[in-house]
Amino acid sequence: MTGPSSTEQYVIRSPRAEEWPSAKALRLLALQDPVAHLAFLETYDDAMAKPDAFWQERTAGVVVGATGARQFIVEAPDGEWVGTLTVLVEEAGTTDWAGFPVERRQGHVVGVYVRPEHRGCGLTEVLFDEALQWAWEIGAERVRLIVHEDNGRALRFYRRAGFLPSGVTVPIPRHSDESELEYVLERP
């Protein structure tokens, strides 16, 4: 890591609606990561083709006060956004994006990314701590995430964070011959 070694110098917060250009820029950067093809359901080219109105709406839907999702960003001491994750709220009795029934209120972590030069100092842990705290505060009974079995770095982190495999496999829409694994963390 080339940046500061203490997470205290960073701020974890939710974006403001008018910060959509920063949200867009960080997402586009994440989609260029060497494991993006394993970690994200969209490609860089697909994201680049989306109009600004898409990014504005997307960011407005994850700010403080939004009810269906909350994005958390890591802001470096110089104001640069260096990490993010989003928690989608999935209500009991609904169906998730993959067509599976949602049996109880849960958070679904998506879009996890920390810039490579800021990895290894605990930022991902602090980012997850904030997101999980929010999920528990809004009454989630569990938090889940979906991870590709070949994404070793992510799998190792999720296990260290306490997520356990649920036994559910989820087909990947863009690759009909592949699937991803669901990991869950039950409410403490």
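Trainee: Is D46 buried, partly exposed or exposed?
Mentor: Partly exposed, in this predicted model. Its relative accessibility is 46%.

Trainee: How far apart are D46 and L28 in space?
Mentor: Their C-alpha atoms are 9.9 Å apart. Along the sequence, D46 and L28 are 18 residues apart.

Trainee: Now T59. Buried or exposed?
Mentor: T59 is buried. Its relative accessible area is 2%. Buried means under 20%, so T59 qualifies.

Trainee: Where does T59 lie?
Mentor: In helix α4, residues 52-60.

Trainee: What does T59 contact, beyond its neighbours within four places in sequence?
Mentor: P15, R16, A17, W20 and A23.

Trainee: And which backbone oxygen lies 2.9 Å from a polar atom of the T59 side chain?
Mentor: The backbone oxygen of W55.

Trainee: What about V64, buried or exposed?
Mentor: V64 counts as exposed, at 63% relative accessibility. The cut-off for exposed is over 50%, so V64 passes. V64 sits in the loop between α4 and β2.

Trainee: What does V64 touch?
Mentor: S14, P15 and R70, leaving out residues up to four places away in sequence. P15 is also in contact with T59.

Trainee: How far is V64 from D33?
Mentor: The C-alpha atoms are separated by 28 Å. Along the chain, V64 and D33 are 31 residues apart.

Trainee: New topic, helix α5. What span should α5 have, and why?
Mentor: Helix α5 has 15 residues, 123-137.

Trainee: Which residues in α5 are buried?
Mentor: L123, T124, L127, F128, A131, L132, W134, A135 and W136.

Trainee: Why might residues three or four places apart in a helix point the same way?
Mentor: An α-helix has 3.6 residues a turn, so residues at that spacing point the same way.

Trainee: What follows α5?
Mentor: G139, with a positive phi near 90 degrees.

Trainee: Last one, the second largest pocket. How much space lies in it?
Mentor: About 210 Å³.

Trainee: What classes of residue line that pocket?
Mentor: Five nonpolar, one polar and six charged residues. The lining includes D96, F100, R142 and E182.

Trainee: Which strands each supply at least two lining residues?
Mentor: β5 (142-148) and β6 (164-172).

Methods. Residues numbered from 1 in each chain as written. Predicted model: local features only at pLDDT ≥ 70, side-chain atom pairs only at ≥ 80, totals over all residues. Heavy atoms only, no water. Helix = DSSP H or I, 4+ residues; strand = E, 2+ residues; numbered from the N terminus. Expected span 1.5 Å × (residues − 1). Buried < 20%, exposed > 50% of the residue type's maximum accessible area, 1.4 Å probe, protein only. 1 Å grid on protein atoms, 1.4 Å probe; cavity = no way out; pocket = protein on both sides within 12 Å on 5 of 7 lines; lining within 4 Å. Points joined across faces, edges and corners; volume = space filled by probe spheres on them. Nonpolar A, V, L, I, M, F, W, Y, C, P; charged D, E, K, R; others polar. Polar contact = N/O pair within 3.5 Å; in protein donor to acceptor, adjacent residues only side chain to side chain. Contact = heavy atoms within 4.5 Å.
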